[in-house]
Amino acid sequence: HTNGLREVYNLMPLTGWKGEDGLRREQVIELLKNQEALQNDPGEEFNYNNTAFSLVAEIIERVSEEPFERYMERAVFLPLEMKHTQYRSNNQQIIPNRSVGYAPAEDNAYQEVTDLGGGMGPGGLYTTLSDFKKWMNHFDDPTLCRPETLKRMMTPDTLPSGKTTTYGYGLFIQEYKGQRYIHHGGADLAHRSHMMYFPEINGAVVVQSNAANFPADLPLRIADLYFDDHFKEEAEERDSTE
């Protein structure tokens, strides 16, 4: 996210595109090729952007010479026995047992919401909590990569200015109540997901929801309940902010 590329989900709406519309990776690449300049010199600034993840998926396809979703199944999901995990290549593909997304509507009701178009790479991943647990276990006992690779993923980047970011390779690295924790969240038009991992205590929290109004602080609230003995201070009183 230091490449200087602009966020694709900020650029596309300028063309009249809506989140539920289809979006091919070829469109993303063409959009980037038409940009007259980067938003910053590569490496100089950290700007989280989903564009980077779209390009990573493209690179994987070109190097492996197979569709991204097939490569991920073969190289990641099957070795970890994540049998209920897959990528959705387009919004017309049917995912068995997929939870429908909902967003608040008028009169305290809810309405169905489709998934974000063109999400494969930045998103488009469908999994279960039990499969997610297998992925989290991999942080403590990596088999798909070398331990030093995983360590690099969990090490914050340093910019030429000397400023340290809170991001490694695809993971945020921060501290919470004296404990280093690795985390990342994701949001579709309605679906929400968040994982956090405390390596020093080998503890983790994973939450998933199909409601757009899902409370963003819930993962830390769960961590307060289960890992309070490992934190340096009392669990925060949250009633005043809810």
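# A tour from the loop at glutamate 65

Begin by selecting glutamate 65, which lies in the loop between helix H3 (50-64) and helix H4 (68-77); here helices (H or I, at least four residues) and strands (E, at least two) are DSSP runs, numbered from the N terminus. What you have open is a predicted model, in which local features need pLDDT of at least 70 and side-chain atom pairs count only at pLDDT 80 or more, while totals for chains, interfaces and linings use all residues. Residues are numbered from 1 along each chain as its sequence is written, and side-chain values use heavy atoms, with hydrogens and water left out.

Most residues other than glycine have a negative phi. Is this residue buried or exposed? Glutamate 65 is exposed, with a relative accessible area of 72%, where buried means under 20% relative accessible area, exposed over 50% and partly exposed in between (1.4 Å probe, protein chains only).

Next select glutamate 81, in the loop between H4 and strand S1 (86-87). The phi of glutamate 81 is also positive, near 60°, and this residue is partly exposed, with a relative accessible area of 48%.

**Helices H3 and H4**

Now show H3 and H4 together. Two packed helices are described by the angle between their axes and the distance between the axes. The axes of H3 and H4 come within 9 Å and cross at roughly 75°; axes are lines fitted to C-alpha atoms, for helices over the stretch in contact, and angles run from 0 to 180 degrees between N-to-C directions.

To see what meets what, select Ala57, Ile60, Glu61 and Ser64 of H3 with Phe68, Glu69 and Tyr71 of H4, the residues that make the contact; contact means heavy atoms within 4.5 Å. These residues divide into four nonpolar, one polar and two charged, where Ala, Val, Leu, Ile, Met, Phe, Trp, Tyr, Cys and Pro count as nonpolar, Asp, Glu, Lys and Arg as charged, and the others, Gly among them, as polar.

Serine 54 counts as buried at 3% relative accessibility, and, not counting residues up to four places away in sequence, serine 54 touches Arg25, Val28 and Pro122.

**Helix H2**

Follow Arg25 and Val28 into helix H2 (residues 25-33), where the buried residues are Arg25, Val28, Leu31 and Leu32. They cover an arc of only 120° around the axis, which puts them on the same side of H2; the arc is that of the directions from the helix axis to the C-beta atoms. An α-helix has 3.6 residues a turn, so residues three or four places apart point the same way. The buried residues of H2 are covered by elements including helix H1 (8-11), H3 and H4, whereas the face turned away from this buried side carries the exposed residues Glu26 and Lys33.

Move on to tryptophan 135 in helix H5 (residues 129-140), which is partly exposed, with a relative accessible area of 29%. Which residues does tryptophan 135 touch, not counting residues up to four places away in sequence? They are Val76, Leu80 and Met82. Tryptophan 135 and methionine 82 are 53 residues apart in sequence, yet 8.0 Å apart in space, C-alpha to C-alpha.

Then select histidine 191, in the loop between S6 and S7, which is buried, with a relative accessible area of 16%. Beyond residues up to four places away in sequence, histidine 191 touches several others, among them Arg98, Ser99, Asp115 and Asn210. The C-alpha atoms of histidine 191 and serine 99, 92 residues apart along the chain, are separated by 8.8 Å.

**Helix H7**

Finish with helix H7 (residues 218-227), whose buried residues are Pro219, Leu220, Ala223, Asp224 and Phe227. Their arc around the axis is only 145°, which puts them on the same side of H7. On the other side of H7, Leu225 and Tyr226 are exposed. Show strand S5 (172-176), strand S6 (179-187), strand S7 (192-198) and strand S8 (203-209) as well, which are included in what covers the buried residues of H7.
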